[in-house]
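The following paragraphs lead the reader through one protein model. Please keep its sequence and structure in view while reading.

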Amino acid sequence: MESKAYLILENGKVFEGKSFGAKKETTGELVFTTAMTGYLETLTDPSYFGQVVIQTFPLIGNYGVIPSDFESKKPALKAYIVRNWCQEPSNFRCEGVLDTFLKDSDVPGLYDIDTRCLTRIVREYGVMNCKLTYSLDNLDKDIEELKSYKVTDAVKSVTTDKEELFESETHKKNVVLMDFGAKDNIRRELVKRGCDVTVVPASTTCEQIVAMNPDGIMLSNGPGDPTENTEIIAELKKLCEHKIPTFGICLGHQLLALSQGATTEKLHYGHRGANQPAKDTETGRIYITSQNHGYAVVNDSIPENAKVSFVNGNDGTCEGITYNDMPVFTVQFHPEACGGPQDTAFLFDKFVSMMD
Ligand SMILES: NC(=O)CC[C@H](N)C(=O)O
């Protein structure tokens, strides 16, 4: 029998829906993604750690579960909210059903709620906390508790605990990939281009990285508030002095900017989806990009040695930085796609040529 489930929002609103996936009460930061496809990549993107994700696209699960599309070993998100999930997926690559996958991954789901209305509330009120629960007996207490919830220890919770080498066929370059909660496709894009990639934990020091003598350093995406990572930021600052070619994506972009004295801000409701416009500030060209972030580097805060290379076409926020005095460039969006368009995959080529 289908059981009722509720979503309590920090602003006091309550939504009633039905439970799927794991049955487990949970609290998290409520965010929405507008991507129409790529739900498996969304579910397994470690950047969603601590968050409850709403899919605005109404039908989710219609091509089932395809493990080779995963972006990490297991979901890091707190809960998953959809309008409708498909009970009979159809795809030649399909190996399972969403409901079973969420149960096995211990992620609670909520469906049959008005996700459009819920998303409009988040857009107006801004990102807020929420609780997925099966009873409204303690409503006032639950709402009160939501006010103090904060995602903490995000990077620590999702980074790898051991170094791991992924070899390419041609072994042209050696890249150290700092794993802040990396999506697997960042590594795949590098391996495809002849880079042997050594994935290292987020706590790896500047000294240890320099000792590995890499041709380049890749700074990955990852969850949480970037300013929380004070130790990593300090190591990145030291690392920059070595002038090793470096490419940063999303959290990696934010951390590098912080290490150079820039500041970050929390966006009202963030950018999460697969059709976000990023405008090249030099050519004016717009690229359609995949994005998943709640924070951004403040344009006016970037240091003198840097230039904003991309801005978001919708709200003008910083989407990329290039540095003048070192071979370093970073972007806020996801050139590795997965899910989403591959318009900006050329940035991986740019990184490889920078190492030449
Ligand atoms: N995908 C990411 O790397 C996200 C970076 C950061 N956690 C943010 O939300 O802005």
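Helix α3 (residues 115-125) lies across β1, β2, β3 (26-33), β4 (51-55), β6 (79-81) and β9 (128-133), and runs at about 125 degrees to β4. The model is a predicted one, in which local features need pLDDT of at least 70, side-chain atom pairs count only at pLDDT 80 or more, and totals for chains, interfaces and linings use all residues. Residues are numbered from 1 along each chain as its sequence is written. Helices (H or I, at least four residues) and strands (E, at least two) are DSSP runs, numbered from the N terminus. Angles run from 0 to 180 degrees between N-to-C directions, with axes fitted to C-alpha atoms, for helices over the stretch in contact; contact requires C-beta atoms, placed from the backbone, within 7 Å.

Helix α4 (residues 139-146) lies across β1, β3 and β9, running at about 140 degrees to β9.

Seven strands close into a barrel with mixed pairing, in the order β1-β2-β8-β6-β4-β3-β9; strands pair if DSSP finds at least two bridges between them. Neighbouring strands of this sheet are turned against each other by 35 degrees on average, direction ignored. Strands β1 (residues 4-9) and β2 (residues 14-21) run antiparallel and are joined by five bridges. Within β2, K18 stands opposite K4.

Leaving aside its neighbours within four places in sequence, M218 is in contact with V175, L177, M178, I186, L190 and F247.

Notes. Contact = placed C-beta atoms within 7 Å.
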